[in-house]
Amino acid sequence: ETTDPALMLQHKVCYARILDAKRKFLEAATRFHQLSTMQTTAFGSRSISEEDLTTSLQMAATCAILAPAGPQRSRLLGTLYKDERAPRLPNYRVLEKMFMDRLLQQDEVGAFAATLAEHQRATLDDGSTVLDRAVVEHNMRAVSRLYENISFEELGALLGIDAAKAEKIAWGMLLDKRLDGSIDQVDGLLHFARGGSADHSSDKLVAFDVQIEHICRSVEAVASAVAKRYPELAAPAPA
């Protein structure tokens, strides 16, 4: 077992890339995020630049977006979204909408798809791509925030797939406990649980905290810009 810092770093980078290549996107995203937050920048004869750290963060965001929807991914998306470097990432808009459980539009998906590597555009057994699956599962969770129940015909129309496929995906997510609800096969309805599980409640609290933090940062940025342009407004009031 080596103790060479440069080799250990190389091993961590290679392992993250292998997980990505094997389409184990949740694990890969976690590893890339760990690399992006390293405090030490010198590893023996090798050093890490700020650009390297940002690239790792970008890879973490991409892999998290491609990972199967669920509580674990939601928590990771929250961690990435709260990173102060995140707004500078090219995939920030998709990252934000996925974390906030907002429906993704086709133009946003298309723009993100153009940034993916070849293995990340792989076709699955059902003919869809990894990104197609991630977007459909994400939009399924986004729909669960908007509806108490919905027919599979309407759900399929919202997701851009047929009703049978929408039902199959919903079954899979329910069985994996990545979606809270139940299926009424007689009426062809998907019922979403209101209130949700402890994980869901926790995710909502995290999302609320992040939104408040984002608002505070925005107000602070505006105040700083105003003070810089109009210094007289920032001057202390006379006693």
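In this predicted model, β3 and strand β5 (residues 189–192) run antiparallel and are joined by three bridges. Within this pairing, S151 stands opposite L189 in β5. Helix α8 (residues 152–159) lies across β3, β4 and β5, and its direction is at about 85° to β3. Helix α9 (residues 163–175) also packs on the sheet, where α9 touches β4 and β5 and makes an angle of about 140° with the direction of β4.

The pairing of β4 with β5 is likewise antiparallel, and four bridges join these strands. Here D184 stands opposite L189 in β5. β4 and β5 form a hairpin with four residues between the strands, and in this hairpin G188 takes a positive phi near 65°.

The two pairings are set out below.

| Strand pair | Bridges | Direction | Residues standing opposite |
|---|---|---|---|
| β3 and β5 | three | antiparallel | S151 and L189 |
| β4 and β5 | four | antiparallel | D184 and L189 |

Strands of a sheet pair through backbone hydrogen bonds, in either a parallel or an antiparallel arrangement. In this model, the order of the three strands is β3-β5-β4, the pairing is antiparallel and the sheet is open. Because β3 (149–151) and β4 (181–184) each have a single partner strand, they stand at the edges, and one side of each has no neighbour in the sheet. From one strand to the next, the twist averages 20°.

Which helix packs with α9 at an angle of about 80°? It is helix α7 (residues 130–146), and the axes of α7 and α9 are 11 Å apart. Angles of 65 to 115 degrees count as roughly perpendicular, so α7 and α9 are roughly perpendicular to each other. On the α7 side the contact is made by V136, E137, M140 and R141, and on the α9 side by A166, I169, A170 and M173. By class, six residues of this contact are nonpolar, two are charged and none is polar.

The cysteines remain. How many disulfides does the model contain? The count is zero, with a disulfide taken as a pair of cysteine sulfur atoms within 2.5 Å. Is C63 buried or exposed? C63 has a relative accessible area of 0% and is buried, whereas C14, with a relative accessible area of 34%, is partly exposed.

Technical notes: Residues numbered from 1 in each chain as written. Predicted model: local features only at pLDDT ≥ 70, side-chain atom pairs only at ≥ 80, totals over all residues. Heavy atoms only, no water. Pairing = 2+ DSSP bridges. Helix = DSSP H or I, 4+ residues; strand = E, 2+ residues; numbered from the N terminus. Axes fitted to C-alpha atoms, helices over the stretch in contact; angles between N-to-C directions. Contact = heavy atoms within 4.5 Å. Parallel < 35°, antiparallel > 145°, perpendicular 65-115°, else oblique. Nonpolar A, V, L, I, M, F, W, Y, C, P; charged D, E, K, R; others polar. Buried < 20%, exposed > 50% of the residue type's maximum accessible area, 1.4 Å probe, protein only.
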